[in-house]
Amino acid sequence: MDEKYLRDRLHHAAETRLSGLAPDPWLTQRVLSSTKGEEKVKKKLSIGFVLVLALVLAAMTALAVGLSSYFGGFAKLEDTYGEFEQWPNSAKVELTQLMINNGVLSEEEATKWTGGLSGPEKELLADEILAAHFADMTYVDTYNAMTRELGPIEKWTDEERVLYTSLLEDYGKLTSSWPTYMLPGDSDLTREEAVARGREAVLTMFSVSAKELDSLVVDAIFSKDSVTLENTPEDEPFWIIEFGYGMAYRAIMTRNGEMLGLMGPQTQYIPWGVSTMGNAQVATPSDHDATREQAIQSSKSSLTEIVNLSYEEVEAMDATAHFFYNDLYCYGDEPVWLVIWSKQGKDQWQVLLGYDASYLDAEPSGKVFDQVVRRHTTLADIWRERCGEIGMTEDFRDANGAYCFDWSLEDKAAFSAAWRPIVAEYLQKNPYAMNTKDVMVQRTRNIHAIPDEKAISQEQALAIGDAALIEKYGDEAIGFDPFIFYIANDPAKPEWRFINVRYWVSVDAYSGEVLTVTDHVEWERTTNKLFGGVDDFIAYVFE
Amino acid sequence: MEVVMVPDSDREQILAYLVEQYQLELLRMCYLYLRDAMLAEDALQETFIKAYRSLESFRGECTEKTWLTRIAINTCKDMQCSAWMRHVDKRVTPDMLPVASVAFEEKDEELIMAVMQLPVKLRETVLLHYYQDMSVKEIAQSLSLTSSTVSNRLKRASKKLRMVLERGHYHG
């Protein structure tokens, strides 16, 4: 593939895929208007933004007009001059004046400023004042200027958040990484109501104490796109109440307060009203799973040793055990045991165990589990610890930075030889690791080897494969530049495999016979596998 | 039409000509650089404002396309450094691309995504060389780099893009 091809391809791609970028028929006029001393002509504001701004202005009781003017001015300067450290002196003078006009600076600073200074003196003073004012900020920008005056964002009012969103939108900076904050309307829950309802929901469903929950920082977000979950509304704002940095607990509800779901520190999203067993897929324990009796015994120990019930209390209860898969537990990759302890027909406690009866969590009946993943060493953990033994990095790169698909045949063979036994031993001890589609399991599926003296050379094999591809697919297949593998799953019949995102060719390494010639479309159809991109296709061959 | 001397009376006409000739190409380049349509439009307007203001300083030492491209790239670099960019979602997904008005192949989208996902230093050399047809020397002068640095960046970038074209996915 030469330079011209890449150049032509890029031009073609831009003309087609970016055909939606349209020229502006008024650009010349806007440029002329801007350079004739008029204010830079901004794009027309979207209707949505105009409405939001109107609401913000109408609800200014919570936000001093002066501060909003300061924040807007800061944003405009930032948009014009970029990083604060690169602002010219004139911009810093302008900012200082803005801060004085809006009461952001102290009286002492304001007095110094109005003392009949010359231009250069003002520049020096502006530098000094701003350096002192922003001294404790690691980064000076509009957002941090707002937190400086308003506190951390969880303390901002809805109006202040909406103002920040509107400033982002005004300067074309609003992206999916920032929620579109909105103002609750008259029929929506207020922030206080939403926090109260979220608190109640978390305390009802999780075992966390009120004291612990109330010690966490609380934030309430009213937006329509801060997160997308299975039952969150698509075009309406909703409330997310977050307890704790890192979002230890979250309560999600509609704008009217109807609960949608919860999340705990380690849980997946739990839709409201889903029972402990939820959408369980009942299973039958097999040889590598704990028996029902083992599960019950393990749960009994948990109740006495971890929950600290007395032996007599536990003995007074009856246990029923359920074995099932559920996406809420262990990501649905492993079955779990759920042992329910009841007294006189009334459920008292529930204990969640791994398939091997290892302890996950215990909760009073009616509460949701918040420890839902079996603690164990994964193959990824082992790879991270031992990858250096064969000279590779954690992200599967060799010393030259080449990704595993591009490793030399020798490196691929060394990987196979070292890691197939490690993975096999792991799978014996962890029977459900196959369900996780662990990359180490996939990558040790084939035996990579080095060609012996009976094998045709790589060049010969590739030439044979190339010819077969062109014969089948015509000119489209010209220029085949594949990843290269030597697979010896059958030592008597090793093969050369050549693959890229479109084509796969296998050649018998001894006879030169073409074994496979296919493309991803045909492969997908004949294997009933969905083509998820090069990783899937190559993974199937490589791994 | 080469811009050398700029009589006052012709400045607006020259601007109109430059906009008509290069607006779309520069807009696409700015978009690929900044990965945001609104920012790209801002950068484009700023580019032509700067160009208009400095028409007299253009002495024909390069083509007007190269001249405008240099201004545009520098404008994009300034915007890239803006603090606002810290809040820009740096992930690029196909749904973020503008809706195309003509049919396109999957490979076109993959290539566009690959360019947009390149580290900025590689991205700018790709745009200048493969999209704007600037030579290594011109790029080196524009970016204040040595020719060997530009060549190395182009080599690394083109390798990644070739992988996409041949294998359809960037594992970088």
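Two strands pair if DSSP finds at least two bridges between them. By that rule, β3 (residues 249–254) of chain A is joined to β4(A) by four bridges, and the two run antiparallel. Helices (H or I, at least four residues) and strands (E, at least two) are DSSP runs, numbered from the N terminus.

This is a predicted model: local features need pLDDT of at least 70, side-chain atom pairs count only at pLDDT 80 or more, and totals for chains, interfaces and linings use all residues. Residues are numbered from 1 along each chain as its sequence is written, chains are lettered from A and ligands numbered from 1 in the order in which they are written, and side-chain values use heavy atoms, with hydrogens and water left out.

- β3(A) and β4(A) form a hairpin with four residues between them.
- In the turn, Gly257(A) has a positive phi of about 100°.
- Met253(A) stands opposite Met259(A), a residue of β4(A).
- Strand β4(A) covers residues 259–263, and five of its five residues are buried. Buried means under 20% relative accessible area, exposed over 50%, and partly exposed in between (1.4 Å probe, protein chains only).
- β4(A) also pairs with β5 (residues 270–271) of chain A, antiparallel, over two bridges.
- Leu262(A) has Ile270(A) in β5(A) as its bridge partner.
- Six residues lie between β4(A) and β5(A) in the hairpin that they form.

**The five-stranded sheet of chain A**

- Strands of a sheet pair through backbone hydrogen bonds, either parallel or antiparallel.
- An open sheet of five strands has the order β6-β7-β8-β9-β10 in chain A, with antiparallel pairing.
- Its edge strands are β6 (281–282) and β10 (359–364), each pairing on one side only.
- Two bridges link β6(A) to β7 (residues 318–325) of chain A in the antiparallel sense.
- Gln281(A) has Tyr325(A) in β7(A) as its bridge partner.

**Chain B**

- Chain B has seven helices and zero strands.
- Along the sequence, the pattern is α-α-α-α-α-α-α.
- Of the 172 residues in chain B, 56% are buried.
- Take the contacts in chain B between residues at least 6 apart in sequence: 67% join residues at least 24 apart. Contact means heavy atoms within 4.5 Å.

**Interface of chains A and B: extent**

- 64 residues of chain A are in contact with 61 residues of chain B.
- The buried area is about 6,000 Å², and carbon and sulfur atoms give 61% of it. Buried area is the accessible area (1.4 Å probe) that two parts lose on being put together, summed over both.
- Leu10(A), Arg17(A) and Leu21(A) supply 14% of the area that chain A buries against chain B, more than any other three residues.

**Interface of chains A and B: pairs and make-up**

- The rule finds four salt bridges across the interface. A salt bridge is a side-chain nitrogen of Lys or Arg within 4 Å of a carboxyl oxygen of Asp or Glu.
- Arg9(A) forms a salt bridge with Glu105(B), with the closest N and O atoms 3.7 Å apart.
- Helices of chain A that each supply at least two residues of the side touching chain B include α1 (3–17), α4 (65–81) and α19 (534–542).
- α1(A) gives the largest share of that side, 13 residues.
- By class, the side has 28 nonpolar, 15 polar and 21 charged residues. Ala, Val, Leu, Ile, Met, Phe, Trp, Tyr, Cys and Pro count as nonpolar, Asp, Glu, Lys and Arg as charged, and the others, Gly among them, as polar.
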